[in-house]
Amino acid sequence: MHLYNEIERLPAQWLRNLADAGHIDGPVTVDERSITDLTAADVANATQVHLFAGIGGWSHALKLAGWPADRPVWTGSCPCQPFSVAGKGAGTDDARHLWPEMRRLIGECLPPVVFGEQVASRAGRAWLAGVQADMEALGYAFGSADLCAAGIGAPHIRQRLYWGAVRLADTERGSAERHGYAVASAPGGVQSQTWEQRLWLNLGDGVDTGRLADTDNARPQGRQLLPQRGDQRAAGPCGMDGWAATEWLECLDGKTRRIPAKRELFPLADGVPGRVGQLRAYGNAIVPALAAEFVMSFMEAAA
């Protein structure tokens with residue numbers, strides 16, 4: 001069973017529709033309660049647990065990355081509003097700072113692998129440092145990367161912090177040395193390349209962090225990262241081919257931006273029902289192709 005926890009009604013129904021259409025693996029349970037109401041018993045029997053599930057971006061990313069549907073994993077993109085430069089700047093004092101609740105469930109259930117994401121602001125990086133400390137205290141090896149959607153061909157920035165953690169107790173003996181981690185039980189320093197360094201080596205080449213969305217009247221093309229990563233990815237299942245059929249829109253701020261050529265896919269088009277709800281759902285979503293690149297690099301680094 002795959003559990004999706006999503007408190008907002010529209011994305012929750014969106015997830016049910018995706019499940020009914022066979023677009024996400026099942027059987028699927030969509031739980032609309034707040035994460036604060038979830039208990040270990042609610043999630044303990046699920047193979048995959050997607051907290052703050054949105055419209056299923058992490059589920060889609062895992063599938064793109066080749067993650068087996070029956071391999072246990074948790075995901076969770078905690079609300080970014082407390083740490084976004086566009087928010088009120090309340091940080092950990094914001095009621096929407098829900099990492100402590102996610103950490104509570106992780107600590108009670110100890111899933112083998114956890115993935116997450118957060119906005120790449122200064123406050124977001126401080127948040128990530130706290131998450132890393134919490135996960136390592138729970139016995140996980142932790143790796144992260146600061147990535148943007150432009151790195152896999154999207155015509156916008158969407159800079160985000162992606163992180164992953166693997167529970168060391170679930171790996172074979174000696175995994176601390178194999179992953180290059182000097183954990184408390186390992187005397188002295190481990191001199192081998194760290195697992196996080198290997199993750200960065202997997203991701204670092206070709207990730208374009210240029211500010212494509214801020215160009216004036218230019219027509220830049222984000223680089224395709226995945227075809228550069230070996231024959232098994234050359235087909236580009238995670239690529240951004242969907243941006244090939246686009247139009248350029250001159251905006252009131254004097255900048256030019258790309259929009260989908262198919263008007264029925266353009267959320268601001270006149271006559272599109274529920275476009276405000278669509279925009280809100282899209283705005284809270286991750287970029288699955290970018291998350292998939294992180295997951296594949298994670299799998300390579302942890303192998």
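Q: Over which residues is the pLDDT below 50 in a stretch that has 75 contacts beyond near neighbours in sequence?
A: The pLDDT is the predictor's confidence in each residue, from 0 to 100, and where it is low, the predicted coordinates should not be read in detail. The chain averages 77, with 69% of its residues scoring at least 70. Residues 173-192 have a pLDDT below 50, and beyond near neighbours in sequence they make 34 contacts in the model, where contact means heavy atoms within 4.5 Å. The stretch with 75 such contacts, where the pLDDT is below 50, is residues 205-237.

Q: Which residue of strand 7 is the bridge partner of glutamate 117?
A: Two strands pair if DSSP finds at least two bridges between them; strand 7 pairs in the antiparallel sense with strand 5 (residues 113-119) over seven bridges, and likewise with strand 6 (residues 140-147) over eight bridges. Seven of the eight residues of strand 7 (residues 160-167) are buried, so this strand is largely enclosed by the rest of the structure. The residue of strand 7 that stands opposite alanine 145 is also the bridge partner of glutamate 117, namely tyrosine 162.

Q: Which residue stands opposite histidine 50 in strand 4?
A: Strand 3 (residues 48-51) and strand 4 (residues 73-76) run parallel, and four bridges join them. From strand 4, Trp74 and Gly76 point one way and Val73 and Thr75 the other way, all of them buried. Opposite histidine 50 stands threonine 75.

Q: Which residue follows helix 3 with a positive phi near 85°?
A: Seven of the nine residues of helix 3 are buried, so the helix is largely enclosed by the rest of the structure; among these seven are Trp58 and Leu62. The buried residues pack against several elements, including strand 1 (2-5), strand 3, strand 4 and helix 9 (288-302). The residue that follows this helix with its positive phi is glycine 66.

Q: What is the relative accessible area of phenylalanine 52?
A: Most residues other than glycine have a negative phi, and most peptide bonds are trans. Phenylalanine 52 has a positive phi near 50°, and its place is in the loop between strand 3 and helix 3. Phenylalanine 52 counts as buried because its relative accessible area is 19%.

Q: Is leucine 110 buried or partly exposed?
A: Leucine 110 lies in the loop between helix 4 (99-109) and strand 5, and its phi is positive, about 50°, although it is not a glycine. Because its relative accessibility is 26%, leucine 110 counts as partly exposed.

Q: What distance separates the C-alpha atoms of valine 131 and phenylalanine 142?
A: Valine 131 is found in helix 5 (residues 122-137), and it counts as buried because its relative accessibility is 1%. Leaving aside neighbours within four places in sequence, valine 131 is in contact with Trp99, Phe142 and Trp163. Valine 131 and phenylalanine 142 are eleven residues apart along the chain, and their C-alpha atoms are separated by 9.3 Å.

Notes: Residues are numbered from 1 along each chain as its sequence is written. This is a predicted model: local features need pLDDT of at least 70, side-chain atom pairs count only at pLDDT 80 or more; totals for chains, interfaces and linings use all residues. Side-chain values use heavy atoms; hydrogens and water are left out. Buried means under 20% relative accessible area, exposed over 50%, partly exposed in between (1.4 Å probe, protein chains only). Helices (H or I, at least four residues) and strands (E, at least two) are DSSP runs, numbered from the N terminus.
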